[in-house]
Amino acid sequence: MDSNKVLILGLTWPEPRATAAGIRMMQLIHWFLEKKFEITFASTAAFTDYSENLTAYGIDQQPIKLNHHSFDEFTQRLNPAIVVFDRYIMEEQFGWRIAENVPNALRILDTEDLHSLRSSREKTRYFQKEFNSSEWLSLDITKRELASIFRSDLSLIISEFEIKLLKDIVKVDESLLLYLPFMYDHLNEGIISNWTPFAKRQHFVFIGNGKHAPNIDAISWLNTSIWPLIREALPDSELHIYGPYMPEKIRKMECVETGFRIKGWIRDVASILSGARLNLVPLRYGAGLKGKLMDGFINGTPSVTTSIGLEGIGNADELNLFTQDEPISFSKLAIELYQNKYKWKETQNIGTDLINNFFNKVIFGENLNKKIIELDKNLNQHRTTNIIGGILAHKTLQSTKYLSKWIEAKNNI
């Protein structure tokens, strides 16, 4: 690789204390830093109160404009060896400019999760139907996301379910994909021994970003169908809802009398999880891996979740111990785990094993390193054999390019 410069084009500035996407992005950033890459992070978004200060890590933060030639000059000066697009929308907006201005840069798409899969499941959830891959493929957002995957040199896929979907249904060549889930340090006995024990924990917790539609659905489902059943059996218990960007309809659910407490954003998620006895994750639709579930595992907090919540994680048979999809069975399991310290401990152990066996930071970091080295050595050949990507880059990006130029010209009038 001719240089050690990486340009990350972020849909937002990373918010690791607010969103799972922020955690994922910071894991990638730390990997590049460990490999001694020089990172520039650029975004069109505004900074928020939850944005990470990337300059503290020695990273250059650069605001950029949409549909503006200044981005071309910026990338030419920077001349990065690698460009990472944070979700397909950024590849749509800037992919053609990167291809024109730094054609030799390795183009990596970090999908975060398949947004089209989440959108499809939201629609099927609304119409009370099962997910259907044919319906998923028919959506415009699916076509757009798949086009970005084909145009990119490599796409990072966070879920085993999603990479199987892309390979088996769409027939995306495996050379274009890399399974890269969340990456965590090994949970050793020193860490585990410091976890708060069962007897010193209390209450239930749900943590989620209020801008994320599956989280809003989950909180509403908890409020109407699950929490009343738990509270009836455990009248002294409370459910604490944490997360930023909560809409008014969620804030109005706060009720001291029923123990349904809307707590808002918390900077230190670990401190909350380490004191909670049970982590409730009743997701009815979504995609990717669920950061709130992983946060529970790495803090020794057992969870009760759904089949959607556990999608793409570990051994399905083992996970049945804390998976239920109906309100009554979900509530019964939550009540049992809250009261039974032996089953609670068994569930905690399964979570620990999942992190250590399926999300090992060292293993997946090395897989990423090998893939980048391989592509760097054979990038021209790799692009030549990606015929669909070449066609899409020629046709799709030409239309995107000239639409962008038209918008820029219109703004200058």
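Two strands are said to pair if DSSP finds at least two bridges between them, and strands themselves are DSSP runs (E, at least two residues), just as helices are runs of H or I with at least four residues, numbered from the N terminus. The model described here is predicted, so local features need pLDDT of at least 70 and side-chain atom pairs count only at pLDDT 80 or more, while totals for chains, interfaces and linings use all residues. Residues are numbered from 1 along each chain as its sequence is written, and side-chain values use heavy atoms, with hydrogens and water left out.

Five strands, in the order 10-9-8-11-12, make up an open sheet with parallel pairing. Its edges are strand 10 (260-264) and strand 12 (303-305), each of which pairs on one side only. Direction ignored, neighbouring strands of this sheet are turned by 25° against each other on average (axes are lines fitted to C-alpha atoms, for helices over the stretch in contact, with angles running from 0 to 180 degrees between N-to-C directions). Strand 9 (residues 239-242) runs parallel to strand 10 and is joined to it by four bridges; Ile241 has Ile262 in strand 10 as its bridge partner.

Turning to the aromatic rings, the structure holds 16 aromatic pairs. Rings of Phe, Tyr and Trp (its six-membered ring) pair if their centres lie within 6.5 Å; planes under 30 degrees apart count as stacked, over 60 as edge-to-face and the rest as tilted. Trp13 and Phe41 form a tilted pair, 5.5 Å centre to centre with 35° between the planes. This pair links distant parts of the chain, 28 residues apart: Trp13 belongs to the loop between strand 1 (5-10) and helix 1 (20-34), and Phe41 to strand 2 (residues 38-43). Together with Phe47, Trp13 and Phe41 form one aromatic cluster.

Gln61 counts as buried because its relative accessibility is 19%.

Key: Buried < 20%, exposed > 50% of the residue type's maximum accessible area, 1.4 Å probe, protein only.
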